[in-house]
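Trainee: Could you walk me through reading helix packing and a nonpolar core? I'd like the general idea, then the case at hand.

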Amino acid sequence: MPRIQSAKKRMRQAKTHTALNRTQRSQLRSAIKKVRSAGADAAQAAYDEAAKLIDRAGRKRLIHPNAAARQKSRLAKLVKTGAKK
């Protein structure tokens, strides 16, 4: 256990941030899965929601910004080809 007050505070903050990051990462993964499993008609709506979450995660550094761009690109490609079928 930390003895210094600033270290105690960092521990409390880390615990809070870990919980928030875990929920946001879970929402992000669920949204991506929803896009992949959606039919052709619902895929665009699911993609729009997932794109918002991916953008936010990249901005907040929950995931790397390049990883966010890559995921968005792959999902957009999937939605576009799925819509043609």
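Trainee: How do the axes of α1 and α2 cross?

Mentor: Keep in mind that this is a predicted model. The two axes, of α1 and α2, come within 9 Å and cross at roughly 150°. Angles over 145 degrees count as roughly antiparallel, so α1 is roughly antiparallel to α2. As for handedness, the crossing of α1 and α2 is left-handed.

Trainee: Which residues in α1 and α2 meet?

Mentor: From α1, you have Gln24, Gln27, Leu28, Ala31, Ile32, Lys34 and Val35; facing them in α2 are Ala46, Tyr47, Ala50, Leu53, Ile54, Arg56 and Ala57. Sort the residues of that contact and you get 10 nonpolar, two polar and two charged.

Trainee: And the core, what's the idea there?

Mentor: In soluble globular proteins, nonpolar side chains tend to be buried together. Here the largest nonpolar core has 16 residues, and Leu28, Val35, Tyr47, Ile54 and Leu75 touch the most other members. Helices α1 (5-37), α2 (43-59) and α3 (65-84) each supply at least two residues of this core, with the largest share, seven residues, coming from α2.

Trainee: What is Val35 in contact with, leaving aside neighbours within four places in sequence?

Mentor: Ala46, Tyr47, Ala50, Leu75 and Val79.

Trainee: Is Met11 buried, exposed or partly exposed?

Mentor: Met11, in helix α1, counts as partly exposed because its relative accessibility is 44%, between the 20% and 50% cut-offs. Not counting residues up to four places away in sequence, Met11 touches Met1 and Pro2.

Notes:
Residues numbered from 1 in each chain as written. Predicted model: local features only at pLDDT ≥ 70, side-chain atom pairs only at ≥ 80, totals over all residues. Heavy atoms only, no water. Core = buried A, V, L, I, M, F, W, Y, C linked by side-chain atoms within 4.5 Å. Buried < 20%, exposed > 50% of the residue type's maximum accessible area, 1.4 Å probe, protein only. Helix = DSSP H or I, 4+ residues; strand = E, 2+ residues; numbered from the N terminus. Contact = heavy atoms within 4.5 Å. Axes fitted to C-alpha atoms, helices over the stretch in contact; angles between N-to-C directions. Parallel < 35°, antiparallel > 145°, perpendicular 65-115°, else oblique. Left-handed = near helix turned anticlockwise from the far one by under 90°. Nonpolar A, V, L, I, M, F, W, Y, C, P; charged D, E, K, R; others polar.
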